[in-house]
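Here is a short note for a colleague. Please read the points with the model open.

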Amino acid sequence: MTVLLLRLAGPLQSWGAAARFARRGTENAPTKSGVLGLLAAAQGRPRDADLSDLAALRFGVRIDQPGQRLRDFHTAHHADSGKSMPVSERFYLADAVFVAGVEGDTELIEHLHQALGAPCFLPYLGRRSCPPSHPILMGDPLNGSLEDALRNAQWQASTWYLDQLERAAGTNGASTDTASLDLLLDCPPAQTPHLSLRDTPVSYDPRHRQYELRGLLTDRTAPPPRHDPTVGLRPANLPTSDTAERSPRTP
Amino acid sequence: MYLTRFPVNTARTEARRLLGSPHFLHGAVNMAFPAAPPRDDQAPRVLWRVDHHSGSGRADLFIVSPVRPDLTHLSEKAGWPTLEEPGWTTFAYDEFLETLTTGDAWSFRLAANPIHHVRKSGTSKDSPTKRTAHVTRRHQVGWLLQRQQQAGFEVLRKPADRQLIPGHDDGAGDEHEVIVHDRLPLQFRKREEAGSRNDVRLVRVTFDGRLRITDANALRRTLTHGLGKAKAYGCGLMTLAPVR
């Protein structure tokens, strides 16, 4: 299986999963429908195109920097007629950074990778008004499992956020808990999901958008160090004769 | 050559004592080898560095050495001695060094002691010079750039559109893919009774950046012999990691 990792960072992001009427909420992490929509747009698929191949991809997110929730009391007027639009509340995540990954067939992933390099429609982070602040691609597709890729990807949080964490850890004792990142992964059919969201896209057709329920598994991962010189190195074998002597834990 | 990673348990008093003084840590690293490490300038030497992981309070001690170290003493005092897994991991560094080829790009980290020699203004050429630390980021980066060619690498240049002042090729201090952080003036005592006049003082900085190998043999030498001064005190060890 091949994995494509995406960096979703921007001043504002908004990932709605259950927004109806005038209150347009956001989840705490990118939704599958939002990210697959970004990929489909990069490929140039029309709104009513078939999505079954994308929806079959395994999807996961790592929350590198949770960001803050921002409420926008939205009082827009129509650009031509000047009539006021319905008053609505829109929620955004400010200063958030996520690593999202999709795992699937090598050919499709390669195609998505190329499409993101030269996207047909511009990518945005959940809502058209939320452009990304960093390149979305995080390098070439990787071999292996989605979970490993998400655990091993470099920590994408901004420097000011890391400094803030460090200061917080300094003032209230060394709490290592502050430095673990949340993982949200698609739940395999055999397991019981921890959460469920209605965000597997069936159709983006504006006349009749359809989404299916998706089970999620949550997990935490220690952030990978920013510079790990031991990547790809083989542990040196101990000389077999004196293993017991060298072991620090002989009773 | 071996590369060893030892995770430090910073909750232990002994670990704090060691991390607080490069002098004590130097002693502890030396004691990992039954025979005293050679002081021959032409032979690879023992190099070490402590990487602090921001936010988590965790730290790793990295050691590059010609012989395999035994860190049992450190594990018992500053590690997790009762866990089943060994308290440290030694990697076969020779294999890795062999794979380095000219033209490859790597990300690097180097803890170093950037210094220059100054002479009091107005004094004659014969008067002695004084070893002085570079203080500003620009001088510290300049120190690294000055040594890169002989050390077998070149720090990658930033594309013009990512520079602070695009197209400004000299003077802005932002043309290369390198940052300087953890700038730390160190002062520590070698012996209990000595006064503060005899303290060791040095400035240690950490460079993080990306490089391209220009001379694989020279870079191998840099990675195993160290770069710059104060190698006994946790400076001079450069490590490579895959570019992201």
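1. The second largest pocket has a volume of about 1200 Å³. Of its 35 lining residues, R47(A), G126(A), Y204(A), R209(A) and Y211(A) are the closest to its centre. A pocket here is an open set of points on a 1 Å grid over the protein atoms alone, where a 1.4 Å probe fits, with protein on both sides within 12 Å along at least five of seven lines; lining residues have an atom within 4 Å of a point. The volume is the space filled by probe spheres set on the points, which are joined across faces, edges and corners.

2. This is a predicted model: local features need pLDDT of at least 70, side-chain atom pairs count only at pLDDT 80 or more, and totals for chains, interfaces and linings use all residues. Residues are numbered from 1 along each chain as its sequence is written, chains are lettered from A and ligands numbered from 1 in the order in which they are written, and side-chain values use heavy atoms, without hydrogens and water.

3. α1(A) gives the most to this pocket's lining, with six residues. Helices (H or I, at least four residues) and strands (E, at least two) are DSSP runs, numbered from the N terminus.

4. K32(A) and D186(A) form a salt bridge through their side chains (2.9 Å, N to O). The term means a side-chain nitrogen of Lys or Arg within 4 Å of a carboxyl oxygen of Asp or Glu. K32(A) lies in helix α1 and D186(A) in strand β7 (residues 181–186), both of chain A, so the pair ties together parts 154 residues apart in sequence. Over all chains, the structure holds 18 salt bridges.
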